[in-house]
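Student: I would like to take a close look at a single part of this model, and I would welcome one connected answer.

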Amino acid sequence: MSLDELYRQVILDHYRNPRRSGRLAEPDAHADGNNPLCGDDISIDLALREGRVLDVAVSGRGCSISQASASMMADRIVGETLEEVAELTHRVKRLLDIEEGDAGLDPDRPGAALGDLESLAGVRRFPVRVKCADLAWTTLEQALSVHHAKNG
Amino acid sequence: MTDLSHLRADFPILAREVNGKPLVYLDSAATTQKPVQVLDALDDYYRMHNANVHRGAHTLAAEATEMYEDARRKVAAFVNAASPQEIVFTRGTTSGINAIAYGWGLYHLRPGDRIALTTMEHHANVVPWQLITRHTGAELVYLPLTDDYLVDVSRIDETIDDRVKVVAFSGMSNVLGTIGPLTEAVAAAKTVGAITVIDAAQLVPHTPTDVQAIGADFLVFSAHKMLGPTGIGALWGRRERLEEMEPAEGGGEMIRDVQLHTSTWADVPHKFEAGTPPIAQAVGFGAAVDYLTAVGMPRIREHEKELTRYALDRLSEIPDLKMYGPKDTSLRGGAVSFTLADIHPHDLATILDQHGVAVRAGHHCAKPLMRILDVPATARASFYLYNVVEEIDTLVVGLHDARRLFGVA
């Protein structure tokens with residue numbers, strides 16, 4: 001049943017034990033996001049050094065999909081360059097069917113090489129919930145674009 | 001148990017499947033499904049009688065006007081208004097409350113005056129009054145709830161003092177099901193000379209309502225929550241209140257005379273119905289009222305009390321499920337809000353949807369109440385005349401599946 005695919009163990013684990021949960025004292029970049037449809041809230045703080053993500057903290061509340069997606073994102077992006085983060089964001093959005101194009105996606109296993117994030121593939125069959133999974137990523141993009149605008 | 005299951009055949013949508021399962025529609029507090037009698041009335045109006053109302057000399061215009069005004073008579077009779085002229089057609093409950101806030105509140109409230117609400121109000125009965133406080137300098141005060149999810153009537157005397165000019169409250173909460181303090185609040189308002197406004201969006205569809213017996217000044221409701229179309233509702237106002245109320249909207253249809261710098265208004269209720277009204281919707285509203293009257297509102301109320309009793313009993317058997325609302329079905333309607341363990345209500349709604357069960361999840365346009373309940377959201381099952389106990393059994397099966405999926409021990 002597709003519900004079992006949506007609520008995979010890894011999703012529930014991230015929902016119940018969110019990684020890098022909290023706030024940073026002096027973030028270099030920050031954004032708040034919310035999904036008015038569901039009432040999901042998220043805040044992302046980023047510490048950046050020389051074009052890399054040094055640290056990240058996520059806070060907020062919402063459904064299992066939005067919170068698990070945020071936790072998996074936080075877990076994944078520390079140590080990555082901003083280019084890698086942008087590429088990852090596009091891959092996740094393609095996985096969620098938000099962005100067009102299959103470049104880099106295995107048709108049989110679109111989430112391959114995405115690690116825990118592959119578990120978000122189950123959301124594709126629940127169009128109403130795609131926004132929940134996407135919230136963290138769109139908020140991350142916002143934080144980085146605000147930072148980019150400020151710092152060039 | 002009151003058996004109304006034969007009525008289900010009148011509602012075509014109830015025969016469809018959702019996600020491969022028979023639809024179990026438990027979201028009537030959001031909007032209700034429509035019987036063929038209402039669909040046919042809309043269809044017949046558009047096919048055979050469509051014209052603009054109140055200003056045509058031709059036959060179709062006369063027929064449309066007669067059908068529109070006939071709907072007003074039916075709605076008036078349904079809530080026992082003293083006259084059809086006391087029924088103003090609006091776009092719905094929200095626009096009705098705004099019409100009162102902007103048509104009465106704006107002209108009668110002064111700095112230092114108070115508007116008393118309860119903490120279980122829908123945003124539709126909070127935000128218009130917040131806007132009016134900005135214009136008038138009046139302030140809001142709130143009647144709190146008891147631990148049993150009832151409006152705390154013991155606090156009425158201290159809250160509704162002579163600074164209070166408007167007492168506006170829900171006749172039945174869309175979240176808790178709680179029936180508002182109709183008798184107590186109306187009596188207290190009369191004592192201090194305040195007007196009373198009842199948000200009856202959930203009350204009128206589900207209980208026999210007699211506006212003269214309640215004795216309030218205004219009572220508003222929506223057609224789509226009582227088997228009728230969207231886009232229309234009714235504002236009942238006591239005649240003298242409607243006379244002293246100003247129109248919140250100006251335009252065609254609502255005037256007696258227009259000159260370059262000034263105008264005079266048409267008589268009540270037409271002075272509140274600017275522009276071409278929702279004519280087909282009014283006709284459908286009338287057909288909905290006919291349907292409910294034929295079934296009988298006391299019977300509908302009894303049926304929903306039984307469904308609610310059954311739901312409260314069945315849901316209370318589910319471990320880790322918490323319900324928000326009174327336990328006594330004589331004090332409440334059939335909107336049953338709940339949370340289950342640490343499963344977010346939106347996840348519950350997704351899981352139930354896969355079982356064909358439509359429930360609402362979210363803040364239900366009652367964010368102040370969500371904060372008081374200390375939850376970001378709840379799931380809500382709500383019932384109407386076409387629901388049967390077997391559907392509540394399906395809901396329970398879905399909730400057990402949610403427990404399994406989330407590994408709730």
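Student: How many residues does the contact take from chain A and from chain B? Please then go on to chain A itself, and to helix H3 in particular.

Tutor: This is a predicted model, in which local features need pLDDT of at least 70 and side-chain atom pairs count only at pLDDT 80 or more, while totals for chains, interfaces and linings use all residues. Residues are numbered from 1 along each chain as its sequence is written, and chains are lettered from A and ligands numbered from 1 in the order in which they are written.

The contact takes 12 residues from chain A and 13 residues from chain B, where two residues are in contact if their C-beta atoms, placed from the backbone, lie within 7 Å. On the side of chain A that touches chain B, the residues divide into six nonpolar, three polar and three charged; here Ala, Val, Leu, Ile, Met, Phe, Trp, Tyr, Cys and Pro count as nonpolar, Asp, Glu, Lys and Arg as charged, and the others, Gly among them, as polar.

Turning to chain A as a whole, its secondary structure comes to five helices and three strands, which follow the pattern α-α-β-β-β-α-α-α when read along the sequence; helices (H or I, at least four residues) and strands (E, at least two) are DSSP runs, numbered from the N terminus. The C-alpha trace of chain A spans about 45 × 30 × 25 Å along its principal axes. Among contacts in chain A between residues at least 6 apart in sequence, 65% join residues at least 24 apart. Buried residues make up 39% of the 152 residues in chain A, a residue being buried if 20 or more other C-beta atoms lie within 10 Å of its own, exposed if 12 or fewer, and partly exposed in between, with C-beta atoms placed from the backbone.

Within this chain, helix H3 of chain A covers residues 64-77, and at 1.5 Å a residue its 14 residues should span 20 Å, which agrees with the 20 Å that separates its end C-alpha atoms; the expected span is 1.5 Å times one less than the number of residues in the helix. Because 13 of the 14 residues of H3(A) are buried, this helix is largely enclosed by the rest of the structure. H3(A) is followed by Gly79(A), whose phi is positive, near 90°.
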